[in-house]
Amino acid sequence: MSLPFKIALRFIRYNRSQSIFIILSIAIGISVQIFIGLLIQSLQTSLVQSTIGNSSQITIVSKLQGTPVSSWDGIIQKISSDPAYNKEIKYLSPSVDTPIFISEGSAINSLLLRGFDFKASDPIYHFNSHIIEGTLPTNDNEIMIGKQFAKDANLSVGKTVTVFTAKRQLKILKISGIFDFNVSAINSSWAISNLQTAQNIGGFGNNVSSIEMQVVNVFDAKKISEEIAQTLNNPSIKVENWEDQNADLLTGLQGQSISSIMIQVFVIVAVTLAIASVLAITVLQKSKEIGILKAMGLTDGKTGLVFLFQGLILGIIGALAGAGLGLGLSFMFAKFAVNSNGTPVVPLEINYFFVLISMIIAITASVVASIIPARSSISLDPIEVIRNG
Amino acid sequence: MADIIVLKSINKFYTSGKMKFQVLHDINLSFEEGSFNSIIGPSGSGKTTLMNIMGILDKPQSGEITIDGERIDRIEKKRLAYIRNQKIGFVFQFHYLLPEFTIYENVLMPYLMKDSKPTKEVMKRAEELIDLVGVSKIKNNMATEASGGQQQKTAIARALMNNPKIILADEPTGNLDSQSTEDIYALLRQINKKYNTTFIIVTHDRRIAERTDRIVEILDGRIISDIKKF
Ligand SMILES: Nc1ncnc2c1ncn2[C@@H]1O[C@H](COP(=O)(O)OP(=O)(O)O)[C@@H](O)[C@H]1O
Ligand SMILES: [Mg+2]
């Protein structure tokens, strides 16, 4: 153990109440920083999750609106066989969208029939967990309808409906199930079938209207979509992503992040000032000891190191205590701030990397704060101390 | 024997506002290696100022200082710290131990400044010095727990730690009782004989001074007498 480090440790232990004060101010500052940071991150994740968690994040459609995407299996093949995309893209599935009209009694309802390859699409839409009655369409000419439409049109599982296609053909479809996606627009206007049924009704032949994807990191969607557009290099299609389609949401999130960062910066500044001022007092209190050490031959550099080490040691202890406190606060919040049904208000997601970064920032700030006292200890002339007793 | 400290034409003055106050007037003084010396004079005559200049804690406005053959009035700060650490041991009137450390750690401190890992021999030397000054019973106590006499004895052991050629002691017994004063002078004498360390001791006590080999008397910043016994 180097002498400056040893002296720093002793100074910290000897001035117990001051050291505790510094450690507490670092710990409180860092715990607030960690708590607010984690809370806002979790809030944003849950917001993004509820916005795009159950939908397509990257979508390949035809450039000419309303026209189908041909040779879709080739596109899927090309993307899914690329190892780079394998890592970034979680799910990839075709879908067929076509308008239909269902007449019930005197009313004619316009719906969007969405045909899926259920095996490939289920991880995106989680159909199974949203079915409230019946089953997924297992055969051709079966559909699933939303909770709202079922109620409005007085339909139930097992009944058949007469459907007009956009091409003025008539079809009889059987209702296999009723879904609830927790979004009233979807619950009242979607009908869901297998791929083939929708292809038949819409006259798509073997084509589809879009290829839908979910990615591992939702904030990479834009980047990946641009890469896919380049890879495919197909003038008749375009690649859309949720980030472009939800620009307002992203601006909101960004504003929130900035204000969270501002709070964190001010907390760090306040903590740094507190450490700097307490350490500056320590230099005054220890001027006698510093003077005698210098008179005995302690170099200026090593004298300054004593105070930098004090900042470092206090910073490490304070950061550890602060991380514990901040995580504790976060867990308490997740445990006690719950909705009436017992689920947490904000599902907490602990970003340990963020916690680590916050600790490193706190330790760095402590060392930076000790530069001023270190400099004044360097400029202290031992003769002043020796002369004045 | 060779001179360990040589002062040539040392002038030192303090200025406060437009007032200039000369503390040392053209001092020429040298001390032989291994000698046992005292400096006496009334309070305010400039003894401490002279000691601080010899210990390169203070700088004169003019004059030359040579320590162990090396001119130190124009030396860089790092070398200066090295000379203070290796060649000079200080004993101040107010013992100035570090309250955060034990008696033993205080004695070892000057060694740790150049090498943070003391060898077995070094630790043994620290123990020996502690024995020599008679504080071995309390060596693991914090410095603040020792009496004034014990602290001053510890400061002497500390001054000896790096085996310096010179010990500068400024009224080392100034605030001790007469028994402790006796003990400490006996101790300094013993060390002088044992290690051939040069001693320069400031005192206002003429009886003590008379037991040294040379008495330099200062008045108003000038040497007014310089008596060698042998
Ligand atoms: N920093 C200073 N500023 C102004 N005058 C000083 C300072 N230090 C010492 N003096 C003056 O210098 C003179 C010599 O002081 P000092 O060397 O301490 O004497 P001694 O040790 O013999 O009592 C005194 O008159 C003292 O007041
Ligand atoms: Mg004096």
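Helices, for today, are DSSP runs of H or I with at least four residues, and strands are runs of E with at least two, both numbered from the N terminus. With that in hand, hello everyone, and let me start with P83(A), which sits in helix α4 of chain A, residues 83-88.

A quick word on ground rules. This is a predicted model, where local features need pLDDT of at least 70 and side-chain atom pairs count only at pLDDT 80 or more, while totals for chains, interfaces and linings use all residues. Residues are numbered from 1 along each chain as its sequence is written, chains are lettered from A and ligands numbered from 1 in the order in which they are written, and side-chain values use heavy atoms, with hydrogens and water left out.

Back to P83(A), then. Is P83(A) buried or exposed? Buried means under 20% relative accessible area, exposed over 50%, and partly exposed in between, using a 1.4 Å probe and protein chains only. P83(A) has 57% relative accessibility, so it counts as exposed. Its C-alpha is 17 Å from that of E226(A), a residue 143 positions away in sequence.

Now let's step back to chain A as a whole. Chain A has 17 helices and 10 strands. What radius of gyration does chain A have? The radius is taken over C-alpha atoms, and the globule rule is 2.2 Å times the number of residues to the power 0.38. For 389 residues, a compact globule would come out near 21 Å, but chain A has 32 Å. The box filled by its C-alpha atoms along the principal axes is roughly 110 × 50 × 30 Å. Of the 389 residues in chain A, 46% count as buried.

A contact here means heavy atoms within 4.5 Å. Among contacts in chain A with a separation of 6 or more, 76% are accounted for by residues 24 or more positions apart.

One residue I'd like you to click on is L39(A), in helix α2, residues 16-52. L39(A) counts as partly exposed because its relative accessibility is 21%. Leaving out residues up to four places away in sequence, L39(A) touches F333(A) and V346(A). Between L39(A) and P347(A) there are 308 residues in sequence but 9.0 Å in space, C-alpha to C-alpha.

On to chain B, which has seven helices and 10 strands. Its radius of gyration is 18 Å, close to the 17 Å that the globule rule gives for 230 residues, so chain B is as compact as a globular protein of that length. Its C-alpha trace spans about 50 × 40 × 40 Å along the principal axes. Of the 230 residues of chain B, 56% count as buried. Chain B exposes about 10,500 Å², with 49% supplied by carbon and sulfur atoms. The mean positions of its 33 positive and 29 negative charges are 3 Å apart.

Next, the cores. A nonpolar core is a set of buried Ala, Val, Leu, Ile, Met, Phe, Trp, Tyr and Cys residues joined through side-chain atoms within 4.5 Å. Which residues touch the most other members of the largest core? In that set of 117 residues, they are I5(B), L7(B), I39(B), L50(B), M54(B) and I156(B). Helix α12 of chain A, residues 247-285, gives this core its largest share, eight residues. A second, separate core has 47 residues, including I52(A) and F149(A).

Last stop, backbone geometry. I56(B) is not a glycine, yet it has a positive phi of about 45°. I56(B) lies in the loop between α1 (47-54) and β4 (62-67) of chain B, and is buried, at 7% relative accessible area. D220(B), also not a glycine, has a positive phi of about 50°. D220(B) is in the loop between β9 (214-219) and β10 (222-228), and is exposed, at 52%.

Definitions and conventions:
Accessible areas come from the Shrake-Rupley method with a 1.4 Å probe; for residues, only the protein chains shown count as cover. Lys and Arg count as positive and Asp and Glu as negative; His and the chain ends are not counted. The place of a charge is taken as NZ of Lys, CZ of Arg, CG of Asp or CD of Glu.
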